[in-house]
Amino acid sequence: MARPVTAGLDGSPESLAAADWAAYEAMLRDAPLRLVNAWPGPDQLDLTPGREAAWHYWAERALRSARAELDAAHPDMPILTDQIPGYPGPVLLAEAERAQLLVVGSRSLGAVAGFFMGSVGLELAAHATTPVVLVRADAPDTRDSDVVAGVDLRGTCDDVLEFAFDAAARRTAGLLCVYASRVPAIRGSAPWVVDVGLTDAREEAERTLADALAPWRDKFAEVRVVEEIASDSPARRLVEAARGAALLVVGRGPRRSGPGPRLGPVAQAVAHHAACPVAVVPQH
C-alpha cells in the first residue's frame with residue numbers, strides 16, 4: 001500500500017478543513033488517508049484521570065465523526081484513524097516520517113488578514129522531513145485552480161519544483177513559477193531610463209529560472225507553465241500571486257540544530273498571510 005496522506009485532527013474547524021483537503025489530496029495520489037489525534041499521556045502531571053478520560057472521549061468522537069463524513073464523500077478510499085498518546089508536535093513529526101505529506105489546520109484571525117499558526121504548526125513546517133501543508137478553515141474552495149510556486153534562484157529548488165509540477169499535473173492545472181527580488185528592474189522616474197546593469201541582472205534571472213524549470217517542463221510536459229520575474233518583496237508578491245490559487249508551494253532549507261522553528265522569512269510570511277493552502281517543502 002502507498003504511504004498515506006496524514007492529517008492532524010483535533011475536532012476544531014481548522015483541523016476538519018485540513019482533513020477534508022487531505023482527503024482530496026489522497027484521492028489525487030491514489031493513497032490512503034490517515035487521521036491522527038495526539039492526546040496528552042501520563043507524563044502530563046496536571047492531567048487527572050477524569051480529564052484524561054474526557055479528552056480521550058472527545059478525541060475519539062472527533063475522529064469517528066470526521067471519518068464518517070469522509071467515508072461518505074470518498075467511499076472507495078481507505079481511511080485510517082489513530083489516537084496516539086503524546087504531545088501533538090512530537091507525535092505528528094513522527095507521523096510525517098511515514099507519510100507522503102502531512103496536513104494541518106491553521107487558525108484564522110477573523111477580520112485580520114492572514115492567519116495565526118501556533119507553535120505546533122511552526123514546528124511541523126520547520127522540522128518535518130516530508131512536505132507540510134497548512135490549511136485555513138475560512139479559505140475559499142479553490143482546489144481546482146492553478147498552483148503557484150515560489151522559486152529561490154540562489155540555491156537548489158528541485159524539491160519545490162518537483163512538488164509543484166506534480167501538484168499541478170494531478171489537478172490538470174496550470175503552474176505559475178515566481179522569482180521575486182527587491183532589486184528594481186529600472187532606475188529613475190521615467191520608465192525609459194533603464195540601468196544597463198539591472199537589465200542584465202534581470203535577463204540573467206530569466207535565463208536561470210528557465211534553466212531551473214527546463215527538466216521539469218520535460219518531465220511534466222502536460223503542465224502549462226508561466227514564469228514570472230518580479231521586482232518586489234518575495235513574500236508580498238507570493239501572497240498576491242496565491243490569491244485564488246489551489247496551492248502555494250515554498251521551500252524550506254535543511255533542518256538546523258537548536259531550539260525553535262526556522263522557516264526562513266519568506267516561508268514564514270506566506271505561511272501567515274497566504275489565503276490558500278501553503279505547502280512547505282524541505283529542500284535537500
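1. R236 and D232 come first. Their side chains meet in a salt bridge, 2.6 Å from N to O. The term covers a side-chain nitrogen of Lys or Arg within 4 Å of a carboxyl oxygen of Asp or Glu. D232 counts as buried at 15% relative accessibility, whereas R236 is partly exposed, with a relative accessible area of 48%. Buried here is under 20% relative accessible area, exposed is over 50%, and partly exposed lies in between (1.4 Å probe, protein chains only). Elsewhere, salt bridges with shared partners link R34, D82, E95 and R98 into one network.

2. A note on the basis of these values. The model is predicted: local features need pLDDT of at least 70, side-chain atom pairs count only at pLDDT 80 or more, and totals for chains, interfaces and linings use all residues. Residues are numbered from 1 along each chain as its sequence is written, and side-chain values use heavy atoms, with hydrogens and water left out.

3. pLDDT is the predictor's confidence in each residue, from 0 to 100. Its chain mean is 84, and 81% of residues reach 70 or more. Helices (H or I, at least four residues) and strands (E, at least two) are DSSP runs numbered from the N terminus.

4. A contact means heavy atoms within 4.5 Å.

5. How many salt bridges does the whole structure hold? The search finds 20. Side chains of opposite charge can pair when their charged atoms come close. One of these bridges joins R224 and D146, at 3.2 Å from N to O. R224 lies in the loop between α6 (196-219) and β9 (225-231), and D146 in the loop between β6 (132-136) and β7 (147-150), so the pair ties together parts 78 residues apart in sequence. D146 is partly exposed, at 32% relative accessibility.

6. E25 pairs with R29, the closest N and O atoms being 2.8 Å apart. Both residues lie in α1 (residues 13-29), four residues apart, about one turn of the helix. Are E25 and R29 buried or exposed? Both are buried. For R29 the relative accessible area is 15%. Leaving out residues up to four places away in sequence, R29 touches V5, Q100, L101, F163, D166 and R170.

7. P277 is worth a look. Where does P277 lie? It sits in the loop between α8 (265-273) and β11 (278-282). P277 is buried, at 6% relative accessible area. Beyond four places in sequence, P277 touches W21, V133, L134, V135, A246, L247 and L248. P277 and W21 are 256 residues apart in sequence, yet 8.8 Å apart in space, C-alpha to C-alpha.

8. Last, the rings. The charged end of R143 sits over the ring of Y24, 4.7 Å from its centre. The criterion is NZ of Lys or CZ of Arg within 6 Å of the ring centre and within 35 degrees of the ring normal. The structure also holds one aromatic pair. Rings of Phe, Tyr and Trp (its six-membered ring) pair if their centres lie within 6.5 Å; planes under 30 degrees apart count as stacked, over 60 as edge-to-face and the rest as tilted.
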